[in-house]
Structure formats: C-alpha cells, structure tokens
Amino acid sequence: ELEESEKFYVGQPRVLLLIYALYNTLVARSEMVCYFVIILNHMISASMITLVLPILIFLWAMLSVPRPSKRFWMTAIVYTEVAIVIKYFFQFGFFPWNKHVDYTKDKPYHPPNIIGIEKKEGYVHYDLVQLLALFFHRSILKCHGLWDEDEKGDSSSNKGDTDDELSLTGGRRDSSASLKSVNLAASVESIHVHFPEQQTAKRRKSSSSISQLSHRSSFSSHRSKREQILDTYKNIIHITLSLYFLQCKLCVTKSHCGLCCFRTLQVYVPIRQFFYNLIHPDYSAVTDVYVLMFLADTVDFIIIVFGFWAFGKHSAAADITSSLSEDQVPEAFLVMVLIQFGTMVVDRALYLKKTVMGKVIFQVILVFGIHFWMFFILPGVTERKFSQNTVAQLWYFVKCVYFGLSAYQIRCGYPTRVLGNFLTKSYNYVNLFLFQGFRLVPFLTELRAVMDWVWTDTTLSLSSWICVEDIYAHIFILKCWRESEKRYPQPRGQKKKKVVKYGMGGMIIVLLICIVWFPLLFMSLIKSVAGITNKPLDVSITITLGGYQPIFTMSAQQNQLKSLDPNEFNDFLRSYRGNTAALQFLEGYAREDITRADLEGNSNSLWTISPPSRNKMIQGLLDFEADFTLVISWTIQRTLEEVYPYYIKAPSDSLAKPIKQLLRDCKWENITVSLVKNTSEEWWVLNQLGKRQKTPQESLELFIFSDKVSPPSLGFLAGYGIMGLYASVVLVIGKFVREFFSGISHSIMFEELPNVDRILKLCTDIFLVRETGELELEEDLYAKLIFLYRSPETMIKWTREK
C-alpha cells in the first residue's frame with residue numbers, strides 16, 4: 001500500500017505537487033508565518049497594542065533555544081484574543097473620540113490612534129489572521145508532540161518538589177510553571193564560569209609546521225582542572241542562591257516589603273537566567289550570518305538614500321539629486337544616514353570581537369530604539385501616521401529581517417575564526433567579479449581594513465596589515481584566473497577562438513568607443529531626445545539714440561507671446577523653400593520651439609529729455625554727413641532700414657543672437673519711428689513694415705527660437721558642457737584605462753605566477769594563527785611573506801607547478 005501510495009503521489013500533476021511542496025514548506029516554517037503575520041499586523045495598525053508582540057518576537061521567541069516555549073505561544077494567543085476584544089469594545093459610538101472620526105483619523109498623535117482603539121473599518125481583520133496563524137502553528141506543534149514537551153521534561157525531574165522547598169536538580173525551569181514556584185535549577189545549573197585559556201603552544205621556528213598546530217595536549221592537560229574549578233563555583237552559587245531565596249520566602253510572612261521583594265525576584269530571576277543561558281550556552285551551534293545582516297543594512301541604506309523624503313516634512317524635496325544640486329543636505333537624510341552607518345560599524349566591531357554579550361545588549365537597545373523612533377517620533381516629524389508612510393514601512397520590514405538574523409546569530413553564537421573576505425571562499429568568475437566590484441567601491445576596502453585592524457588582536461602594524469590584505473587580494477584574483485584556465489584550458493599552439501576574441505575584444509572596443517564619444521552623444525541626445533521646451537516668459541525691446549535717454553521701451557508677456565499653429569508653421573517653412581542655409585537651421589527646431597512676440601508700437605514710458613539735450617540730438621540728426629552713434633541705427637521721422645532683428649535665437653545660456661539664416665538676403669527688417677506729442681507729453685511710436693501678421697495698428701513682431709534644455713535631473717551633468725565632460729569624465733576614465741594597458745612589464749614578476757596555492761596558504765596561515773592567539777608566529781609568517789616578495793628566486797620556486 002505504501003508503494004502504491006508513493007506511485008500515486010509521484011504521478012500527480014506538477015502543479016499539484018508544487019502545491020503539496022508549498023504546504024509542506026508552510027508547515028515546516030509555521031513559526032516564521034506567525035512572525036510575518038504579527039509584523040505585518042503591526043505595520044498596518046502601528047499602535048501600542050500591536051507593538052508588544054514584535055518586541056517579544058525579537059527579544060524572546062527568536063532568542064529561545066532550541067525553539068520558543070509553550071509559554072510564548074500561549075502569551076501570543078491570549079494577548080491577541082484580548083486585543084481583539086478591546087478593539088471591539090471601543091468601536092461603539094458613545095465614546096467621545098468616535099464622534100469625529102473623519103477629523104482625527106489622520107492625526108498621528110491622537111491618543112486613540114496611538115493606543116490602537118480608534119474606530120475604523122476592518123479594525124480586526126489582521127488580528128483575526130494573526131490569531132488563525134497562531135492556532136495553525138499550535139496544531140502543528142501538537143501533531144508532532146512538541147506542544148507539551150516542556151511539561152513532560154520537567155515533571156519527571158521535579159516530582160519531589162514541594163511548595164516550601166526549592167529544587168536543585170538538573171534541567172531547565174518548566175515553561176508553564178507559575179512564578180510562585182521559582183525553580184533554582186534553571187537559575188543555577190546552567191551557569192558556566194569561563195577562564196582565559198593559557199597559551200601552551202610555544203613559538204615554532206619552522207613555519208612549514210603551521211598546518212600541524214594543535215591544542216589537544218594543552219586542552220587535555222587542563223581539562224580536569226577546569227572542570228573541578230567549574231564544579232566548585234557551581235556549588236558556591238547553588239548554596240548562595242538557595243540561602244538567599246529561603247531568606248526571601250521567610251521574609252514574606254514578616255513584612256509586606258519582603259513579599260514585594262520576592263515577587264520582584266520571581267520576575268527578575270527568570271529573565272536574567274534567560275539571557276545568561278543565552279550568553280553562556282552549554283552547547284553552541286556556531287554559525288555566521290553577518291553577510292546577510294550586512295546586506296539587510298545595505299538595503300536599508302539604499303532605501304534611505306532614495307526615499308529619505310519620507311523621513312522628513314512633507315515639504316522636503318522629492319529626491320536627493322535635486323537637493324544636492326542646490327548644495328543643500330536635508331537634516332532628516334543626514335540623521336538617518338549617520339544612524340544607519342553607525343549601526344553597521346558597531347555590528348562589524350561586535351562581529352570581529354565575537355562578543356555575544358555585546359551583541360545581546362546592542363540587540364535590546366536597537367529593538368527598543370527603532371520601535372520607539374519609528375512609531376512615536378517619526379509620525380510627529382512627518383506629520384502623518386506610520387501606516388500611511390510606505391517608505392518607512394518598507395524600511396521597517398527590512399530592519400525586522402535584520403533583527404531576525406541578529407537573533408539567530410546570538411542564539412547560535414559567533415564563529416570561532418573569521419578568515420578573509422566572504423567573497424573569497426570560492427574561486428570562480430562570480431566571486432572574482434564580485435570581489436573586484438567590492439574593491440572598486442570608494443573607501444570601502446580601506447574602511448574595512450582599518451576596522452579589522454582595530455578590533456582584531458594582532459602584533460602587525462597598520463601598514464603591515466594593509467600589506468597582507470593587499471597581497472591576499474592579489475593572490476586570490478590570480479587564483480581565480482588560474483582556476484578558470486584549468487576549467488577552460490587552451491591547447492598549446494592553437495590560436496584563440498573567434499568567440500573569445502570578438503566577445504571580449506569586441507566588448508572592450510565598444511566600451512572604449514562609447515567612452516571617447518560619450519560627451520558628444522550625451523550633449524546631442526540630452527536635448528534632442530530628452531530635452532524640454534524652454535519658452536520665453538518676457539520679451540523686451542529698448543531703443544536708444546546715441547547717449548541720450550531711451551526713446552522706446554516695450555515688453556511682451558503672457559497673451560502677447562503666442563505659439564504658431566500648424567498652418568502658420570507650414571507657411572513659415574514654405575517661405576524658405578530653396579534657402580539651404582535656412583532649412584538646415586530649421587531642422588533643429590519643432591513648432592513648439594517657436595514663439596511669436598507681439599509688441600505694442602506705443603512706448604510704455606514717456607520720453608523724458610531736457611530741452612538742451614533735445615536740441616543737440618535734433619542737430620545731430622539733421623547733419624547727414626556726421627556720424628551719429630546708435631544702439632540700433634535710427635533716424636527720426638523716417639524709415640529705419642535694416643535695423644530690426646525679426647528672428648532671435650534664445651539658447652540655453654543668457655546670450656540671445658539674431659538668426660541671419662532666416663533674414664532675406666541677410667538684411668534686417670525696416671521699421672518706422674515717429675514722435676507723438678500730446679499737449680505737454682510726448683512719446684515715440686514704432687512700427688514694423690514687413691510683418692507676417694498684417695495688423696493696422698503700429699506694432700513690432702518678433703520670432704524667438706528656443707533651444708531645448710536638459711531635464712532638471714540631468715542639469716548637473718549637462719551643465720559642464722562638452723569640454724567639461726571630456727575633462728571630468730573621459731580623461732579620468734582614460735587615466736585608469738591607460739594604467740591597465742601600461743606598466744605591465746613592471747608587474748610581470750607578481751602577475752605571471754603559475755601556481756599560487758602556497759602563497760595563498762601562507763596568507764591563510766597568518767589569519768589562522770592570529771585567530772588562535774599565536775601572535776609571535778604571526779610575526780614570523782609575515783616576515784616570511786615579505787621575504788618571499790623580496791626574493792625573485794624564492795618566488796619562482798614557490799610558484800612552480802606541482
């Protein structure tokens with residue numbers, strides 16, 4: 001029957017098998033489903049009621065060894081049920097705060113919103129899903145006999161316990177026991193006193209015996225002494241705590257203060273013992289999830305950079321580029337970046353020091369601090385509820401992933417040895433390119449090297465440490481290339497395949513060509529493809545005769561600046577048919593780039609001039625043989641020939657120029673200038689003769705061709721211009737490319753190494769003896785490594801093929 005059942009199961013459709021596999025995954029990780037639902041409920045509700053369980057998850061459930069106890073799950077179930085009842089009770093309309101729900105629902109500091117008892121639609125949906133997930137997990141534990149395992153394990157060891165006597169037998173405290181019967185076995189039995197191991201291995205003269213180093217003899221010789229000392233300290237702690245608890249219980253009947261003291265100890269001792277067992281475990285399943293924690297912090301860092309506006313006022317800039325282009329650093333962005341970067345540095349220090357106690361303290365501070373800031377401070381800063389801040393919700397969810405990984409690291413313990421970079425664990429193309437990308441990030445390699453030197457026990461100086469790191473990185477890269485040559489060997493005497501030549505060489509050729517011509521392509525495409533029309537907002541004309549007062553000032557705005565309709569634009573193009581220079585110029589402009597400005601012919605200001613100056617100007621104008629300096633050559637009471645620029649080009653800079661290609665025979669337009677008198681006032685009137693729009697009143701017509709400008713987001717790059725881009729981008733990149741292609745002859749001795757296994761092993765031995773505390777041997781091995789790079793003959797012997 002079992003064979004038939006197996007055949008029936010295998011013969012099912014793949015979709016059904018996938019559903020079975022997903023269900024089995026759900027059952028195997030049912031506690032993670034509960035955690036996810038609890039965190040999701042808190043992200044949606046964001047209240048004090050839902051805040052309790054996420055904190056308990058990160059500081060109790062995920063830190064429990066080997067799994068959360070029955071007490072935690074019962075606490076979560078009962079707390080969820082009570083929360084549902086409380087929320088239901090406060091949905092009635094007779095409460096005062098439920099009468100103005102529409103007015104107070106978006107206020108972050110409204111007390112019902114903070115507590116979580118506000119009236120709203122779907123107030124209990126996520127709580128019911130959370131309760132369903134908790135019951136589902138409980139059913140899974142019951143099916144596997146894990147629900148009552150704590151009671152079974154403690155009932156056998158505590159049969160002789162009474163209410164008046166404290167048991168000193170082994171085993172942990174019953175998770176379902178009441179606080180009244182404090183089990184000192186849990187508070188005493190798992191206490192360990194750690195002593196620093198003595199350095200028993202003396203310095204070895206020969207470095208070739210590093211791989212045979214062992215502390216077995218040292219450990220075996222001192223093991224019995226350590227166990228005797230530990231047993232002695234355990235007995236002392238047993239007796240001291242037993243006497244203290246008996247004294248407290250005797251004080252209960254004498255004074256109320258003694259009762260309070262005993263009740264406090266009943267709460268304090270289990271919590272203290274929980275964290276003590278966590279820091280000093282009997283057995284430790286060592287693991288290393290620092291890389292995953294670092295990636296989670298990196299994702300949070302990216303979220304802050306690209307969504308920092310969500311952590312400040314609503315009036316903050318929408319993106320970081322617009323703020324930085326104005327040389328402004330938002331305060332919210334600065335604070336968030338510094339806090340995030342500071343936590344990453346502290347986490348790195350704890351990882352290098354391998355201190356579980358420091359990690360526990362950091363976890364507690366970070367959990368309380370993040371939750372207090374995100375749900376009580378941030379809503380006041382942003383003036384909106386956390387449930388309405390999508391970016392903050394995403395940041396908090398990633399931070400919860402970090403909290404889970406951090407709790408797993410605490411529960412399992414830090415690794416005994418931290419050797420090299422996590423990217424150097426394998427020798428393939430993926431690790432090679434990721435490691436080289438890691439080294440290209442500015443200041444990341446240097447910062448990591450300095451932090452590792454500060455928080456690692458070593459006798460090397462900082463310069464020597466950096467030298468070892470650089471040699472190790474160089475040898476790792478060579479090892480990856482040698483492994484790739486072994487996987488994909490090139491037969492002797494055969495030319496390179498075209499796939500390799502055109503694949504690698506062609507890609508490099510295309511890349512170099514793109515770098516060389518990048519500024520031209522960028523400046524050409526940025527305005528033609530991504531450019532936006534920059535129409536004028538004001539067009540002003542001022543005419544001055546000689547050094548006298550301006551005779552005419554006029555400007556056009558708003559309705560006086562008009563765009564050409566399609567028919568006018570087509571007529572405009574047809575009028576220049578056959579004019580090659582004009583058509584070539586018009587190729588770069590579309591209809592929306594042209595603006596026609598209609599200027600009133602009457603000056604908008606009176607002509608104020610003194611009578612002596614007026615007489616001198618008249619005399620100068622009547623003398624046709626003498627030169628009369630004008631801004632534009634004007635004559636009074638007659639036509640001004642070829643002085644008016646009918647077409648003007650408005651480029652991206654501030655200098656506007658006339659367009660000679662569109663002027664007939666390269667001649668400017670003619671205008672008439674007349675002086676009008678009205679009793680004691682007088683002004684000038686100008687009129688253009690050859691206007692496209694035939695209007696009876698005196699007026700001037702002007703066509704403005706506006707060049708497209710780069711979008712605001714790329715203005716910081718396009719503002720440098722072609723020459724600026726060549727100087728800042730192409731030349732800088734060219735310098736690095738030139739370094740790659742030149743100076744190769746000077747590094748042949750260190751690049752062309754056939755076999756780097758021995759050198760790589762020597763670097764690894766330096767890391768190993770450093771972790772084991774053999775600092776004198778570390779100095780010897782470092783001296784050997786330096787001597788190896790100073791001696792070409794020795795390097796040749798060490799790098800020969802086996």
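**Cavities and cores**

Tutor: Helices α7 (111-115) and α16 each supply at least two residues of the lining of the largest cavity. Helices here are DSSP runs of H or I with at least four residues, numbered from the N terminus. A cavity is a set of points on a 1 Å grid over the protein atoms alone where a 1.4 Å probe fits but cannot get out, and lining residues have an atom within 4 Å of a point. This is a predicted model: local features need pLDDT of at least 70, side-chain atom pairs count only at pLDDT 80 or more, and totals for chains, interfaces and linings use all residues. Residues are numbered from 1 along each chain as its sequence is written, and side-chain values use heavy atoms, with hydrogens and water left out.

Student: Which helix gives the most to that lining?

Tutor: α16, with 3 residues. The lining includes Phe375, Phe376 and Pro379, and also Ser45, Ala46, Asn113 and Ile114.

Student: How much space is in the largest cavity, and how many cavities are there of 30 Å³ or more?

Tutor: The largest cavity holds about 100 Å³. The whole structure has 4 cavities of 30 Å³ or more. Grid points are joined across faces, edges and corners, and a volume is the space filled by probe spheres set on the points.

Student: Switching to Ser47. Where is it, and is it buried or exposed?

Tutor: Ser47 is in the loop between α3 and α4. Its relative accessibility is 5%, so Ser47 counts as buried (under 20% relative accessible area, 1.4 Å probe, protein chains only). Beyond four places in sequence, Ser47 touches His42, Asn113, Ile114, Ile115 and Gly116, where contact means heavy atoms within 4.5 Å.

Student: Now packing. Which residues touch the most other members of the largest nonpolar core?

Tutor: Phe58, Trp73, Phe311, Met374, Trp395 and Tyr396, in a core of 67 residues. Such a core is a set of buried Ala, Val, Leu, Ile, Met, Phe, Trp, Tyr and Cys residues joined through side-chain atoms within 4.5 Å. The largest share, 11 residues, comes from α17.

Student: Where does this core lie relative to domain 1 and domain 2?

Tutor: Between them, because domain 1 (1-144) and domain 2 (289-418) both give residues to this core. The bounds come from an automatic or database domain assignment.

Student: What does Trp395 contact, apart from its sequence neighbours?

Tutor: Leaving out residues within four places in sequence, the contacts of Trp395 include Asp300, Ile303, Ile304, Phe311 and Met374. Asp300, Ile303 and Ile304 are also among the buried residues of α13.

Key: Buried means under 20% relative accessible area, exposed over 50%, partly exposed in between (1.4 Å probe, protein chains only). On a 1 Å grid over the protein atoms alone, a cavity is a set of points where a 1.4 Å probe fits but cannot get out, and a pocket is an open set with protein on both sides within 12 Å along at least five of seven lines; lining residues have an atom within 4 Å of a point.
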